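This briefing sets out what can be read from the coordinates of one protein chain.

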Amino acid sequence: MSDIHIWDSHVHLFPPEIYENWDKYAKIDPVFGSLTARSKSPKGAQEAWVNGEEALLAADKAGVEGMCMQGWYWNDPGLMRLHNDYMAQLLKDHPDRFKAFASVNPKFGWEALSEIERCAAKGFCGIGELGPGGNGYDFNDPDFLAVLEMAQALDLPVCIHCGESVGVDYPGRDRTSLDPLPDIIRRYPDLKLILAHLGGGMPFFEMNRRFKGIFKNVRYDLAALPLLYDIRIVKAVTGLVGSDRVLFGSDFPLLLYPSACREADMTMFIEQIRSEAGLDEDEYRAVMGANFLDFVTPKEDL
Ligand SMILES: [Zn+2]
């Protein structure tokens with residue numbers, strides 16, 4: 001398995017300025033505050049905080065070659081730009097280890113679109129993680145569609161935080177209806193989408209006979225899986241959509257096994273996938289990094 005390149009497609013590295021002054025920024029952006037507040041239970045799910053250098057140490061320990069920083073769905077344009085500036089610096093310092101998706105809130109209108117252009121010029125390779133629930137829009141919102149239009153034109157994949165329509169409530173569960181997505185995917189045939197957290201169940205719905213073939217540019221990531229689903233879902237979803245359309249992503253440094261480990265860690269989830277997900281070697285190689293690297297490589301470079 002020496003030729004396996006592990007890329008974590010979904011990590012969140014916030015500027016230290018923000019988490020070191022969490023009270024201040026939680027007030028400026030209450031959605032951020034409520035989603036990252038300290039858990040009431042000592043064993044509860046919890047955001048952990050690490051900077052770029054600490055993330056690299058965790059990656060080295062876990063045999064992770066690189067990671068893609070997902071942004072955040074800020075409700076304050078200044079925080080959106082501050083976060084993107086931090087990720088741009090990490091891209092510059094460690095171009096072989098990091099990739100980045102731009103933090104964007106579509107409701108900022110022209111400011112969101114110009115931020116996408118600014119980030120693309122700095123080497124960001126995608127947009128997201130978008131959080132419709134956290135920013136108060138749905139998938140038919142014209143501002144959201146304007147972001148998709150630009151993403152398609154610039155060949156930038158878009159990662160969207162998806163929640164299950166049937167499930168149990170938890171902070172960050174996004175209740176935005178996925179119902180409009182198949183039509184939107186038809187409307188933007190070259191748009192590349194990553195539906196995070198296994199797409200809130202979309203792999204099941206894409207089996208609809210009327211949707212045949214339309215999801216070819218859609219990928220599903222495994223972010224936060226241990227908090228949400230039984231590990232058998234990995235094999236179930238690769239069985240539904242193919243192992244070429246599932247991406248390893250963790251949501252690091254979110255605590256994925258909060259009663260077993262209270263520190264930011266990348267090893268446990270990878271070990272669980274390796275030993276319990278039931279993927280053969282080719283599937284494992286694809287899911288753990290090859291699919292992601294393929295997906296974010298611009299068409300003209302292939
Ligand atoms: Zn998410």
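The largest nonpolar core of this predicted model has 79 residues. Within that core, Met67, Met69, Ile127, Val158 and Leu195 have the most contacts. Helix H14, residues 281–296, gives the most to the core, with 7 residues. In soluble globular proteins, nonpolar side chains tend to be buried together.

**Core and its surroundings**

- Isoleucine 127, one of the core residues with the most contacts, touches Phe101, Ala102, Val104, Ile116, Val147, Ala151, Leu156 and Val158, when residues up to four places away in sequence are not counted.
- Of the 302 residues of the protein, 43% count as buried.

**Overall fold**

- The protein has 14 helices and 8 strands.
- Its radius of gyration is 18 Å, close to the 19 Å that the globule rule gives for 302 residues, so the protein is as compact as a globular protein of that length.
- Taken along the principal axes, the box filled by the C-alpha atoms is roughly 50 × 45 × 40 Å.
- Among contacts in the protein with a separation of 6 or more, 81% are accounted for by residues 24 or more positions apart.

**Packing of helices H5 and H6**

- Helix H5 (residues 77–93) packs with helix H6 (residues 110–121) at an angle of about 10°, and their axes are 11 Å apart.
- Because the angle is under 35 degrees, H5 is roughly parallel to H6.
- On the H5 side the contact is made by Pro77, Met80, Arg81 and Asn84, and on the H6 side by Glu111, Glu115 and Cys119.
- By class, this contact has 3 nonpolar, 1 polar and 3 charged residues.

**Cis peptide bonds**

- The peptide bond from glycine 128 to glutamate 129 is cis, with omega near -5°; glutamate 129 lies in strand E4, residues 126–130.
- A cis peptide bond also runs from phenylalanine 252 to proline 253, with omega near 5°.
- Proline 253 belongs to the loop between strand E8 (246–247) and helix H13 (267–276).

- Histidine 197 has a positive phi of about 60° although it is not a glycine.
- Histidine 197 is placed in the loop between strand E6 (193–195) and helix H10 (202–205), and it counts as buried because it has 27 C-beta neighbours inside 10 Å, where the cut-off is 20 or more.
- Aspartate 251, likewise a residue other than glycine, has a positive phi near 80°.
- The loop between E8 and H13 holds aspartate 251, which counts as buried with 27 C-beta neighbours inside 10 Å.

**Leucine 255 in the loop between E8 and H13**

- Leucine 255 lies in the loop between E8 and H13 and counts as buried, with 23 C-beta neighbours inside 10 Å.
- Leaving aside neighbours within four places in sequence, leucine 255 is in contact with Ala45, Gln46, Ala48, Cys261 and Arg262.
- The C-alpha atoms of leucine 255 and arginine 97 are separated by 22 Å, and the two residues are 158 residues apart along the chain.

**Valine 234 in helix H12**

- Helix H12 (residues 232–241) contains valine 234, which is buried, with 25 other C-beta atoms within 10 Å.
- Not counting residues up to four places away in sequence, valine 234 touches Leu222, Ile273, Ala277 and Leu279.
- Valine 234 and phenylalanine 248 are 14 residues apart along the chain, and their C-alpha atoms are separated by 9.9 Å.

**Proline 182 in helix H9**

- Proline 182 is in helix H9, residues 181–187.
- With 18 other C-beta atoms within 10 Å, proline 182 is partly exposed, because a buried residue needs 20 or more and an exposed one has 12 or fewer.
- Phe211 and Ile214 are the residues that proline 182 touches, not counting residues up to four places away in sequence.
- From C-alpha to C-alpha, proline 182 and glutamate 206 are 8.3 Å apart in space, and they are 24 residues apart in sequence.

Methods: Residues are numbered from 1 along each chain as its sequence is written. This is a predicted model: local features need pLDDT of at least 70, side-chain atom pairs count only at pLDDT 80 or more; totals for chains, interfaces and linings use all residues. Helices (H or I, at least four residues) and strands (E, at least two) are DSSP runs, numbered from the N terminus. The radius of gyration is taken over C-alpha atoms; the globule rule is 2.2 Å times the number of residues to the power 0.38. Two residues are in contact if their C-beta atoms, placed from the backbone, lie within 7 Å. Axes are lines fitted to C-alpha atoms, for helices over the stretch in contact, and angles run from 0 to 180 degrees between N-to-C directions. Angles under 35 degrees count as roughly parallel, over 145 as roughly antiparallel, 65 to 115 as roughly perpendicular and the rest as oblique. Ala, Val, Leu, Ile, Met, Phe, Trp, Tyr, Cys and Pro count as nonpolar, Asp, Glu, Lys and Arg as charged, and the others, Gly among them, as polar. A nonpolar core is a set of buried Ala, Val, Leu, Ile, Met, Phe, Trp, Tyr and Cys residues joined through C-beta atoms within 7 Å.
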